[in-house]
Amino acid sequence: VDATVALKTEGEKLTGTFDLGGGRVWAVEDGTIKGNDITFVLRRDRPSGGSMSYDMKGTLKDEAIAGSATAMGSTVEWSMARPK
């Protein structure tokens, strides 16, 4: 998934958005940052009805974040980097 991500920290609180285009914007919920480690939840509506949550974990290194996302019993790797 490609998205434009805006993250903001206030102490250990992490907030922001994932803008996937086409009017699809997911809010960063329950976000925390401790040192270089971040956690947050993304919730989205499902086309078939209901919603699903992605539990996101990552580590900040230089200008990038890499980690894992868990949803519906599956875990995948993810990464994002600040545009150059």
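Are W26 and Y54 buried or exposed?

**View 1. The ring pair of W26 and Y54.** In this predicted model, W26 is buried, as is Y54, where buried means under 20% relative accessible area, exposed over 50% and partly exposed in between (1.4 Å probe, protein chains only). Their ring centres lie 5.7 Å apart with planes at 20 degrees, so the pair is stacked; rings of Phe, Tyr and Trp (its six-membered ring) pair if their centres lie within 6.5 Å, and planes under 30 degrees apart count as stacked, over 60 as edge-to-face and the rest as tilted. Because W26 belongs to strand β3 and Y54 to strand β5, the pair ties together parts 28 residues apart in sequence; strands (E, at least two residues) are DSSP runs, numbered from the N terminus.

**View 2. The ring pair of F18 and F40.** There are 3 aromatic pairs by this rule. The rings of F18 and F40 have centres 5.8 Å apart and planes at 40 degrees, so this pair is tilted. F18 is buried at 10% relative accessibility, and F40 is buried at 2%. Ring pairs join F18, F40 and W78 into a cluster.

**View 3. Surroundings of M56.** Apart from neighbours within four places in sequence, M56 is in contact (heavy atoms within 4.5 Å) with I38, T39, F40, L42, S68, A69 and W78.

Residues are numbered from 1 along each chain as its sequence is written. Local features need pLDDT of at least 70 and side-chain atom pairs count only at pLDDT 80 or more, while totals for chains, interfaces and linings use all residues, and side-chain values use heavy atoms, with hydrogens and water left out.

Technical notes: Helices (H or I, at least four residues) and strands (E, at least two) are DSSP runs, numbered from the N terminus.
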